[in-house]
Amino acid sequence: MLEWLTKRDGNAGYETMDLRVPLVPTGCGGFLAGTRVASNLGWRAIEALDVGDQVLTFDHGMQPITEMHRDSLVWTGGAVAPLRAPVFVPSDALHNRAPVWMMPDQGVLIESDLIENLFDDPFAIVPACTLVGYRGIERVTPGQKMNVVMPRFAEDQAIYLEAGTLGYSPAKRDLITYGVEAQDTLYRVLSTEDARSLVVDLIAQDDAFTAEIPFTPSPDGSNPFGMHT
């Protein structure tokens, strides 16, 4: 659907993305323990929250948690399965003040005028794994044990993580209602192919913007943008 966005000479964005690791669509997802979430208790580590606590959402203000899914993934050494390697989002990559770690199938709400051009809505959900290569986002080798947490709500929500990143928390659906409810979801969830095409274009936008910024030394002679001249 978004392939036209990447039909440009060179398409250099792909060079920053590891195509050897398979992509996964937005699924159950989850955030690694230690990730802070905006709640009625302030900024709290996600594992410290429980059913009944309220979390700040993008569209519906404070919403109570109806379920908490917790899982522990143990890595015993050797090569980690690429599909399970968590995604590391460095500070400021997605408006986050602190780094965020999430599972590769975790949905992330992003905003772009490219999305708006297609759907008249600037927001869409993409799987975290498709963001690899964008603003320093990468897969990381996990420690021996990863504690993964996902709060769920009565309806689909996007929740605030580390002050700016918006993580997607889909409501629980059964096999009978999934097809009907999925069509009525508030959020547009992109496929892995569409999401990757979009991210490649965002990388190209960043590169073009950086190239257009003239180098202007700060008063003390340092480079305020950290760019080579």
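I began with the surroundings of D53 in this predicted model, and, setting aside neighbours within four places in sequence, I found D53 in contact with N40, L41, A48, Q63, P64 and I65. I placed D53 in the loop that runs between strand 3 (42–45) and strand 4 (54–57).

I then looked for a charged partner: D53 is buried but has no salt bridge, and the nearest side chain of opposite charge, that of R44, is 6.3 Å away. For polar neighbours I noted that a polar atom of the D53 side chain lies 2.9 Å from the backbone nitrogen of D50.

Next I turned to the aromatic rings, where I counted 4 aromatic pairs. I looked up F88 and W101, which form a tilted pair with 5.0 Å from centre to centre and 45° between the planes. F88 belongs to strand 7 (residues 87–89) and W101 to strand 8 (residues 100–102), so the pair ties together parts that are 13 residues apart in sequence. I checked the accessibility of both partners: F88 counts as buried because its relative accessibility is 17%, whereas W101, at 34%, counts as partly exposed. Elsewhere I recorded that ring pairs link F58, F123 and Y160 into a cluster.

Last, I took the totals for the protein chain, whose secondary structure comes to 3 helices and 14 strands. Of its 229 residues, 43% count as buried, and the chain exposes about 12,200 Å², of which carbon and sulfur atoms supply 53%. Among contacts with a separation of 6 or more, I noted that 64% are between residues 24 or more positions apart.

Conventions
Residues are numbered from 1 along each chain as its sequence is written. This is a predicted model: local features need pLDDT of at least 70, side-chain atom pairs count only at pLDDT 80 or more; totals for chains, interfaces and linings use all residues. Side-chain values use heavy atoms; hydrogens and water are left out. Helices (H or I, at least four residues) and strands (E, at least two) are DSSP runs, numbered from the N terminus. Buried means under 20% relative accessible area, exposed over 50%, partly exposed in between (1.4 Å probe, protein chains only). Lys and Arg count as positive and Asp and Glu as negative; His and the chain ends are not counted. A salt bridge is a side-chain nitrogen of Lys or Arg within 4 Å of a carboxyl oxygen of Asp or Glu. A polar contact is a pair of N or O atoms within 3.5 Å; within protein, one must be able to donate a hydrogen and the other to accept it, and residues adjacent in sequence count only if both atoms are side-chain atoms. Contact means heavy atoms within 4.5 Å. Accessible areas come from the Shrake-Rupley method with a 1.4 Å probe; for residues, only the protein chains shown count as cover. Rings of Phe, Tyr and Trp (its six-membered ring) pair if their centres lie within 6.5 Å; planes under 30 degrees apart count as stacked, over 60 as edge-to-face and the rest as tilted.
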